[in-house]
Amino acid sequence: MKNMLFARVASKKFIKKRLYALFASLVLWHGLEVKFLKMYKLYEKNEIYFALMWIVAYVAIMAPIKGQFSWLFAIIAFSAGIIAFVRFNHLEEKYGLSGFPENMKKYLYFIPMFILATGNLWGGYSLAGGWTELFTATLSMIFVGFVEEMLFRGFLFKAMLGKGKTNSAIFVSAVTFGIGHILNMFEGQASFETLMQIIFAISWGFILTMVFYKSGSLLPCIIAHAMIDTFSLYGTESDLTSRIYIGATIVTAIVYCIYLSRLHTPDSEKKMHVEK
């Protein structure tokens, strides 16, 4: 009898916990839904302001905690927020996240980009730090690649492209991405080194933007960006190889962009100009 009574009490407690959990989930989901609806209203009203809001939030949140362990959790949370917004509003196709191009033979121009993305390993490689540190750092770099591509190539570039200003969209997306590295000056990095990073990042900005524009898929850009950042953790640094890599990136960006500008633009990109 006592066992039956205990089982009933335990069962009631279990049911209450489940109900509380369900209620909490509904409240949380409702809160997220309200926030996403507010974000979508801003998105519909002005996509450029929406993109800039995300970029400012990214810099404001991530810059102060750079180098700290909490940075990993912050970048994961930021990534989750972007993914949730895109999925909630069914924007995967618009932002090139629905998959790779169907006919990959037409997109062999991805190869030079991926080769160039290995540049941080041209001077050799080394494993500095423990496995836990390397794992968390690598994971962070992968998420950085995703977030920054979504902000600069996804949100910002697509917002300006929707206004019918193709050249301005490409230029602003690339240059804004590069200038973002000026924050390194406030962390004590030498001004010349920061200038080289800015030029390097702008060059990569043009490459990644043109690849996204011509292929319609952001996935190759995310992979290349993640490769650059991840390999920087494992590469052996030297002034010579760094300068060679920066020089190769600048030259490749010029030649690559001229070549890509002559390629066919996907119909999905052309429709944006008509719809807007």
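Helices here are DSSP runs of H or I at least four residues long, numbered from the N terminus. In this predicted model, one such run is helix H7, covering residues 191–215, and Phe212 is found in it. With a relative accessible area of 0%, Phe212 is buried, since the cut-off for that label is under 20%.

Of the 276 residues, 39% are buried. The exposed surface comes to about 16300 Å², with carbon and sulfur atoms supplying 68% of it.

Now for the inside. In soluble globular proteins, nonpolar side chains tend to be buried together. Here the largest nonpolar core has 61 residues, and the ones with the most contacts inside it are Ile82, Met113, Leu151, Phe155 and Trp204. Helix H5 (residues 131–161) gives the largest share of this core, at 12 residues. Leu151, once residues up to four places away in sequence are set aside, touches Trp54, Ile55, Tyr58, Phe78, Ile82 and Leu156. One of these, Ile82, is itself on the list of residues with the most contacts inside the core.

Arg153 lies in helix H5 and is buried, because its relative accessible area is 0% and the limit is under 20%. The side chain of Arg153 makes a polar contact of 2.8 Å with the side chain of Glu149. Beyond its neighbours within four places in sequence, Arg153 is in contact with Glu148, Lys158, Ser173, Phe177, Gly205, Leu208, Thr209, Phe212, Leu218 and His225. Lys158, one of those partners, also has its place in helix H5. At a relative accessible area of 3%, Lys158 is buried as well. A polar atom of the Lys158 side chain lies 3.3 Å from the backbone oxygen of Lys94.

Two further partners of Arg153, Ser173 and Phe177, are among the buried residues of helix H6. The buried set in H6 also includes Thr166, Ala169, Ile170, Ala174, Val175 and Gly178. An α-helix has 3.6 residues a turn, so residues three or four places apart point the same way. The length of H6 checks out: its 14 residues (166–179) should span 20 Å at 1.5 Å a residue, and the end C-alpha atoms are 20 Å apart, which agrees.

As for cysteines, Cys221 counts as buried at 0% relative accessibility, and Cys257 is buried with a relative accessible area of 15%. A disulfide is a covalent bond between the sulfur atoms of two cysteines. The disulfide count for this model comes to 0.

Most residues other than glycine have a negative phi. His90 is not a glycine, but its phi is positive, at about 55 degrees. His90 has its place in the loop between helix H3 (70–88) and helix H4 (110–116). At 66% relative accessibility, His90 counts as exposed, because that label applies over 50%.

Methods
Residues are numbered from 1 along each chain as its sequence is written. This is a predicted model: local features need pLDDT of at least 70, side-chain atom pairs count only at pLDDT 80 or more; totals for chains, interfaces and linings use all residues. Side-chain values use heavy atoms; hydrogens and water are left out. Helices (H or I, at least four residues) and strands (E, at least two) are DSSP runs, numbered from the N terminus. The expected span of a helix is 1.5 Å times one less than its number of residues. Buried means under 20% relative accessible area, exposed over 50%, partly exposed in between (1.4 Å probe, protein chains only). A nonpolar core is a set of buried Ala, Val, Leu, Ile, Met, Phe, Trp, Tyr and Cys residues joined through side-chain atoms within 4.5 Å. Contact means heavy atoms within 4.5 Å. A polar contact is a pair of N or O atoms within 3.5 Å; within protein, one must be able to donate a hydrogen and the other to accept it, and residues adjacent in sequence count only if both atoms are side-chain atoms. Accessible areas come from the Shrake-Rupley method with a 1.4 Å probe; for residues, only the protein chains shown count as cover. A disulfide is a pair of cysteine sulfur atoms within 2.5 Å.
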